[in-house]
Protein chains: 2
Amino acid sequence: MTRSSVRLKDIADKTGFSVNTVSLALRGSPRIPEETRQLIRTIAEALNYLPNHIAQSLVSRETKTIGLILTDITNPTLMRTAQAIELELADRGYGTLFATSNNDPEEEIRALEMFRSRQVDGMLIYPRSHRKLDHIRKIRQSNYPIVLLVGDPDSGIDAVCVDERRGAYKATRHLIDTGHRRIGIIDSANPLGNLEKSEGYLQALSEAGIAFEPVLTADPQGHSVMKGYWAMDQLMSAANRPTGVFAANDSLAIGALRWCQKNGVNVPRDVAIIGFDNIEFAEHAATPISSVNYAVDIVTELAVERLMRLVAAKDALPDPRVTMIEPDLVIRESTTGRS
Amino acid sequence: MTRSSVRLKDIADKTGFSVNTVSLALRGSPRIPEETRQLIRTIAEALNYLPNHIAQSLVSRETKTIGLILTDITNPTLMRTAQAIELELADRGYGTLFATSNNDPEEEIRALEMFRSRQVDGMLIYPRSHRKLDHIRKIRQSNYPIVLLVGDPDSGIDAVCVDERRGAYKATRHLIDTGHRRIGIIDSANPLGNLEKSEGYLQALSEAGIAFEPVLTADPQGHSVMKGYWAMDQLMSAANRPTGVFAANDSLAIGALRWCQKNGVNVPRDVAIIGFDNIEFAEHAATPISSVNYAVDIVTELAVERLMRLVAAKDALPDPRVTMIEPDLVIRESTTGRS
DNA sequence: TGATCGCGTATTATCGTTAATTCAAAACGG
DNA sequence: CCGTTTTGAATTAACGATAATACGCGATCA
């Protein structure tokens, strides 16, 4: 066993004390006199001892590990989230086990089982769909701490997230307020997906007495710049073009903007464009793009805090609570210059 | 213990067999007759049994977990890498434990220790600096499987990575070939950092007989778009402006491009700009930006494969090997139209 | 002076699993 | 028909740590 590491037993053998004494000494028990403790600590240091966290977990019945499931990472915002979460958890002494579902329900379940098998103390999940949360709810109901990063007030599962419906509402409303009546939307239309943004869009339209036109809807089937480009192409090929477009994220918005550039359509004069997430590149696009903005750090901090509270609740979990963070708008050139 | 999960013992009690028999049955041992096996499997299924991976790890002395340390994630390319690695590892039945060093040496060491303590079977590391690898080398020398994602042929540690020196050389060379003689570089100048790109830049210059001018160097102190913007500002305030600029990554390049836009400097007529990493946004910038491109998937696949080989080597690790992937150029509008 | 207390440490049990060994009863063979 | 194999299991011992308990011994106390 070349790769063997130092165990308490090795220190015990070296010092002549028993394994238990060594364990107590290293953990600073008052039952061990100072002198002995020093000796043991010195030897442990010299041997470069690190406690076997696996063995500790087995006895303490907690792994100090949280499982994080994301759909996929090509979305820069999800990644910022991931890093912020890792940081937040590391600060609290937790490790982060990480898995992606790739938007595949099977893989999501696989990840869930893998985490449970590895005895993570809790999970943070960006679910593939929040119409189908049964498999997650089942785990929560067996008292497993879970916090979702996309919320649904009725899901019966804790969640901390951005109020996407409200963000989309605000974005659409902004377009309406700046004089637009024909407003297109670029967003996934998957009925199993997350429809908040579409709902916010529709709400703003109906409030303003604008009829919804399916032809002003484009499903990008993804969230890359190119997907946005082609979705915009579809929108703009309508007989009666939109004068404003809300894109469900900034990559799509950049793609839409790109289409305009290539086709001699001026932004914002001919078409106004607003995105979602306010990534750095939105601000620095050819025409700086307006976007729905929110504090990633706050979302992750609250999510982690909530999860920690669930983990700490030894017996029964408190009733689920859904916290929505209100986003705001960052208005840039892509939606100004009209009235 | 409300949160307790089902153990082998529970199945044993339910079926009347011993714990060991249940264990063998579930693992499909031929020593258990078919009938018994079926019975046990059915009960296990009914109880929703999942093996406790922690306990398994303690016995098998392997955790089927790999530790991944990145510097930070704001870099989209690093993130693509992270996801590709997670996928690759999941395919091979490994979990991914994830930590970021935030470019802080202390945190890097902390992550290293945390991983060792958690008994990960191996580590993939994007080191903060590959001038100071002593702490990592020490672990590798105690037979711990480690593969770096930034390579140094002399580090004594395995690595699979992009040949950044070569990429920078090619980028600079491209500028030279298109007629530029005054070529600026935007890259971190931290002598403890990763200097490959600067070296490639210098090599191309000297090969072309162009003298290096420190005034054509700007340290962005980060890698965001804004950092690139201000670095470009610094470069362009020189008495004798560069006509071509190589930026160490695409965010910086986009920042540089942005500066030009805002200051009435035409790209590529007045200044040519080339970046590194070929992220999606480079292609879709106001002026599509040329960039150094490489196959992320190949790098990660080779890195994981190498790591698996090290993990499989039970006794002594094979001699370290460094694999460099040759990058190529994607030429776009930002560096054409001159010569 | 013998019982009691405290101190410092050792011993034993435990976490949930796998591996090695043992064992009882049935099946077989000469 | 008795000894040997085979079969189907149970028993015991790890893995590396923590927790609970036990123990020897000097000091304290009635």
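The surface near DNA strand C is made of 11 nonpolar, eight polar and three charged residues, where near means a C-beta atom, placed from the backbone, within 6 Å. Here Ala, Val, Leu, Ile, Met, Phe, Trp, Tyr, Cys and Pro count as nonpolar, Asp, Glu, Lys and Arg as charged, and the others, Gly among them, as polar. Please keep in mind that this is a predicted model, with local features needing pLDDT of at least 70, side-chain atom pairs counting only at pLDDT 80 or more, and totals for chains, interfaces and linings using all residues. Residues are numbered from 1 along each chain as its sequence is written, while chains are lettered from A and ligands numbered from 1 in the order in which they are written.

Helices (H or I, at least four residues) and strands (E, at least two) are DSSP runs, numbered from the N terminus.

Now turn to chain B and its helix H5, residues 76-91. Of its 16 residues, 12 are buried, that is, with 20 or more other C-beta atoms, placed from the backbone, within 10 Å of their own. Leu78(B), Ala82(B) and Ile85(B) are among them. Just after this helix, Gly93(B) takes a positive phi of about 85°.

Strand E1(B) is largely enclosed by the rest of the structure, because six of its six residues are buried. Follow Gly67(B) in this strand: Leu97(B) in E2(B) stands opposite, and Met123(B) is its bridge partner in E3(B).

How values were computed. Expected span 1.5 Å × (residues − 1). Pairing = 2+ DSSP bridges.
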